[in-house]
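The sequence and structure are shown first, and the description follows.

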Amino acid sequence: MNSKDEEYAISETYLLCSFTIIANKNIYDTKYEKYYKDNMIWYNLQNIALYTSDIAKLLWGSNSKNSNDRKKVREILNVTDDFYINRFENENLRDLRNSLEHIDEGLIKFNRRQHIMVEKQVIGNLYQTIKVGDKVFTPTKDETLRVYDPHKHEFFIFGYSFNLDKILDDVVKINNNAVQWLSDNNIPYFVTA
């Protein structure tokens, strides 16, 4: 990457971090009942998964070969390889994002393994008995298509999961460092017409 590539990568990382923070805020701040009925929680959860995937690609690349290429950007943003969103260190996140990027294949793969399909979308505590309509069951991440546990702030889909608190910790740090670098280098990161 040259310096202009780095500038664009940092600007885009800032933007994607901002989107992720907004989606997280929407999940934490909204009244649950209406929010769930409107499917907005699933919208924001899926967007967070996709935004963090793109952030990880900008910081570590799509494969280990171009991870070295992104090293300078990671250094500028003070990002280390032990960050939760690192797609190469966290296989669960990588597999979740790949499943979302190839949702057709993910659905077929999920459907072919043993699972419970009481509801396609469950909001509640995993591993605790819940009642959906007249059915009582104990959802697990492997047996339920899509689950959000609001107490643990975890999203599960296709048996893979991510923790919103851990993602938010990473994203806020990256965002703050991106804003600082863009500001220090007089690069506009927020422009209005």
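Which element supplies the largest share of the lining of the largest pocket? The model is a predicted one, and in it that share, four residues, comes from α6. Helices α5 and α6 (103-112) each contribute at least two residues to the lining. The residues that line this pocket are Asp 95, Asn 98, Ser 99, His 102, Glu 105, Gly 106, Lys 109, Phe 110, Arg 113, Phe 158 and Tyr 160. The volume of the largest pocket is about 160 Å³.

**Overall architecture**

The protein contains seven helices and six strands. Read from the N terminus, its elements follow the order α-α-α-α-α-α-β-β-β-β-β-β-α. Of its 193 residues, 45% count as buried. Among contacts between residues at least 6 apart in sequence, 65% join residues at least 24 apart.

In soluble globular proteins, nonpolar side chains tend to be buried together. The largest nonpolar core of this model has 42 residues, and those touching the most other members are Leu 45, Ile 55, Leu 59, Leu 77, Phe 162 and Ile 174. At least two residues of this core come from each of α1, α3 (40-60), α5 (91-101), β5 (154-157), β6 (160-163) and α7 (164-184). Helix α3 gives the most, with 10 residues.

With residues up to four places away in sequence not counted, Leu 59 touches Thr 13, Arg 70, Val 73, Arg 74, Leu 77, Val 79 and Ile 174.

Thr 13 lies in helix α1 (residues 3-29). Is Thr 13 buried or exposed? Thr 13 counts as buried because its relative accessibility is 0%, and the cut-off for a buried residue is under 20%. Apart from neighbours within four places in sequence, Thr 13 is in contact with Ile 55, Leu 58, Leu 59, Leu 77 and Ile 174. Of these partners, Ile 55, Leu 59, Leu 77 and Ile 174 are among the core residues that touch the most other members.

Strand β4 (residues 146-149) is covered on both faces. Arg 146 and Tyr 148 are buried on one side, and Val 147 and Asp 149 are buried on the other. β4 and β5 run antiparallel and are joined by four bridges. Asp 149 stands opposite Glu 154 of β5. The hairpin formed by β4 and β5 has four residues between the strands, and His 153 in this hairpin takes a positive phi near 55 degrees.

**Asparagines with positive phi**

Positive phi values also occur at Asn 78 and at Asn 186. The table sets out their location, phi and relative accessible area.

| Residue | Location | Phi | Relative accessible area |
|---|---|---|---|
| Asn 78 | loop between α4 (71-76) and α5 | about 55 degrees | 56% |

Asn 78 is classed as exposed because its relative accessible area is 56%, the cut-off for an exposed residue being over 50%.

Note on methods. Residues numbered from 1 in each chain as written. Predicted model: local features only at pLDDT ≥ 70, side-chain atom pairs only at ≥ 80, totals over all residues. Heavy atoms only, no water. Buried < 20%, exposed > 50% of the residue type's maximum accessible area, 1.4 Å probe, protein only. Contact = heavy atoms within 4.5 Å. Core = buried A, V, L, I, M, F, W, Y, C linked by side-chain atoms within 4.5 Å. Pairing = 2+ DSSP bridges. 1 Å grid on protein atoms, 1.4 Å probe; cavity = no way out; pocket = protein on both sides within 12 Å on 5 of 7 lines; lining within 4 Å. Points joined across faces, edges and corners; volume = space filled by probe spheres on them.
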